[in-house]
Amino acid sequence: MRKSCMQNKCLLKMTTFTSPSNVQYKISLVMANILTFIALSFITTWEPFMANAKIFVVLMEDDPFVSAKSKNFEDIDVYKGRMRRQHDMLLGSHLERSVYTKVYSYTHLINGFAIHLTSDEALDILQNAEGVRAIYEDVKMKKLTTHTPDFLGLPTGVWPKLGGPTASGAGVVIGMIDTGINPFHPSFLAQASNGGGRGIVVKSGKFKGKCVTGDRFPGTACNNKIVGAQYFARAATAAGEFNASRDYASPFDSDGHGSHTASTAAGNHDVPVIVNHFNYGYASGMAPGAGIAVYKAMYSFGGFMSDVVAAVDQAVEDGVDILSLSVGPASIPSGPSAFLNVLEMQLLFATRAGVLVVQAAGNGGPSPTSILSFSPWITSVAASTTDRKYNNSIVLGNGQSFSGSGLSPPTLSGVYFPLAAASDVCKGNTTSALLTVESCQETEPFVRALVHGKIVICTYTFDFESETASIANVADTIQKIGAAGFVLTMDPDIGSEKIKGSTMTLSVPGLILNSMEASTALREYYNSKTLRSRSGKAISFRATARILDGRQASYTRQDPVVASYSSRGPDVNNAQLDTADVLKPNIMAPGSLIWASWSPTSEGDQYIKGQNFALLSGTSMATPHIAGIAALIKERHPRWSPAAITSAMMTTADVTGRSGTPILAQQANQLAPATPFDLGAGLINPSRAIDPGLIFKAKFKHYVLFLCSVPGVDEMSVRRAVGVGCPNKKKAWCSDLNTPSVTISNLVGSRNVIRRVTNVGGVDEKYQVIVQEPLGVSVSVTPQVFKIIADASRRITIVLNATQTTNTYSFGEIFFLGNQNHTVRMPLAVFVSSTLHS
């Protein structure tokens, strides 16, 4: 039987982070590297036998700056300097200097430090030192738009209300914790301050960040678009992972991922997307007028938790409004609850400071409970497809035509070129050479006179699966040997696995056939038209074909679909994989095939090396969409709290497409109606989110009450993680947290749930309640009709009675329909374990 939020614990089974090259098919492992999601192995509470890690985070009992009882001093640096000296004094009085190196002092959100140790005995000493609250082990982390503004309705529904696209988001600063930024990219050039040029960025009055110069990051890199830039690599350096010649001791993005996410959130408006000399359209961030603050804490090798924690601490101290993170765990931390992990706590403290935290849900879908963003104070983002498609075709000389993928130029218009199998135009020209040349990875085996002017048939062999071969190498080979183009066919021995990298941009005519049927038909046509000698040598190539232009996008107006890779709920509590009374993900945004900025120096991605733009997929791509839209809401409502902004996005999200039918979700081999565990509250609707009518508020004290209600979590665990204990009067259930959703992981009989709504519509409004009940649950809401004056709040009582044991989750929703055209929707997710009469 499932236990309730008061009784259960949970473990989230972690899956390999991958990203799709075509959302219709199974996720490929190569694209997991191309379309990155930054993953981390979570810090775990230290125990005496855990001495294999050398970097540790130590939390102190005393308050950090943001929690200080008194802040009546002239210089905050005095207070923080005192904390740093206390850290040094603690270490100096207990440890020999030769056994440790202090990596960071954390003073803003948490009071503590990161330390690199060489002695197990030193851990025992620190564990028992007076003033030490907890010690956590640091572990290695690994790395996990031209159309989307239109797709989301920003040009007509939001930007005009904020002064036009170039001013939208003005005065708001988005902090990007990622791999840095490419400051030379046109998406990040300085903005005109007089309304001319690309746009207007109004500098935030509270942002106090700095611009750190260094390798490939000159003093001119920061401007009124990149308003601050810093990097964090002390832990990586102490561990011997950081290489300055490869990773750059500066905020410069040597990877590309950070530039991609930053430009999606707040890149300049109307920037031409030029790849291989072809214009794919004009890109814009969601909030082109917002400022970008860069906090580089990830590198080509990944990163370390203590560097990320330091980046969060600095970003909040600098005064960012929003934090965008593509960071998630590779495993669930041990201990009483996943919510009490040090990173989750750091993000809680950021929320308390008024910073909205947006985090990728993960790329472990479509498996259930694959969510990688746990806590209710974090806005967790799922990914959807859009209606933009890139398709290419090859037309054979016999009139047959096959569709495939590959963003490539066409062969010469109207001209049919001879087809030639790679093994038939290589040295030796015999089918016995097939295994060595069919993957088209090298130029040496090919006979230039034979291959010149032909479309070469290459084969997707096991070498591609093992990543010793790539489509990028195929294109490079074809260009060097003077062939007219290539077609990559599937190998029958591999089966119907999705070809990796099939959405890459190509500089030569090329097509990837993802269909075994099409691959077989193409080879049958080729064999029927090719004359061979008795020894099997090809002596006449009579099969012909031409490749069409694969760079032209089509806009189908199809409804969005939850991408197969997007991680799914239900959320979990701790290391026993029991589900939690928290809805995850929270919201969905476009994440598949997103054009955005790139770093041409990137060595980590062979498919897009040397390019200024990249077409990527993943929840990493969805997350900055939400961060940018949140900046638009923040500009419109500067006094709104993080919870209010999240509430506005969730209660106004879409669960139906343009056709009016429910949004679907890609499962393993089929499409199925999406549930809140697939898309959260729904697909973001920016036009409605800036005017939601009602919001659900929550503050730091409410999150502490939530933690005190988590099953298996005692007051000491809360005090150790948060620094404060539980109040005498606790909440009975985790579901009592005032969120814009209701999730109950174990309904036995009945439960009363209290919500409080606040009218932010600016006028008095009358609301009527309509309920769509989950299967097996009777739901009543009091009051069913109510009037609420502007800026006032109203208590809502929701009673859920179990009428049928389901032993699975069922879903429903509550609508608040206002007479001023506001529609507020709250999703319900309930697991009925027992009815009233059981």
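In the predicted model, Cys440 and Cys458 form a disulfide, with their sulfur atoms 2.1 Å apart. The torsion about this S-S bond is about -100°, so the link is left-handed. The pair links distant parts of the chain, 18 residues apart. Cys440 lies in the loop between α11 (434–437) and α12 (448–451). Cys458 belongs to strand β22 (residues 455–460). Cys440 is buried, with a relative accessible area of 0%. Cys458 is buried as well, at 0% relative accessibility.

A disulfide requires sulfur atoms within 2.5 Å. Cys426 has 2% relative accessibility and therefore counts as buried.

The structure holds 3 disulfides. Another of them joins Cys708 to Cys726, with a sulfur separation of 2.0 Å. This link is left-handed, with -100° about the S-S bond. Cys708 sits in helix α20 (residues 700–709). Cys726 is found in the loop between α21 (715–722) and β36 (742–748). The two residues are 18 apart and link distant parts of the chain. Both Cys708 and Cys726 are buried.

A disulfide also joins Cys211 to Cys222, with an S to S distance of 2.1 Å. Here the torsion about the S-S bond is about 90°, so the disulfide is right-handed. Cys211 and Cys222 both lie in the loop between β8 (173–178) and β9 (226–231), 11 residues apart. Their accessibility falls into separate classes. Cys211 is partly exposed, with a relative accessible area of 29%. Cys222 is buried, at 17%, because the limit for burial is under 20%.

The strand pairing was examined next. An open sheet of 4 strands has the order β35-β37-β41-β39. The pairing in this sheet is antiparallel. Strands β35 (694–696) and β39 (777–782) form the edges, each pairing on one side only. Neighbouring strands of the sheet are turned by 35° against each other on average, direction ignored. Within the sheet order, β37 stands next to β41. Strand β37 (residues 750–759) pairs with strand β41 (residues 793–802) in the antiparallel sense. This pairing extends over 9 bridges. Ile754 has Thr797 in β41 as its bridge partner.

Key
Residues are numbered from 1 along each chain as its sequence is written. This is a predicted model: local features need pLDDT of at least 70, side-chain atom pairs count only at pLDDT 80 or more; totals for chains, interfaces and linings use all residues. Side-chain values use heavy atoms; hydrogens and water are left out. Two strands pair if DSSP finds at least two bridges between them. Axes are lines fitted to C-alpha atoms, for helices over the stretch in contact, and angles run from 0 to 180 degrees between N-to-C directions. Buried means under 20% relative accessible area, exposed over 50%, partly exposed in between (1.4 Å probe, protein chains only).
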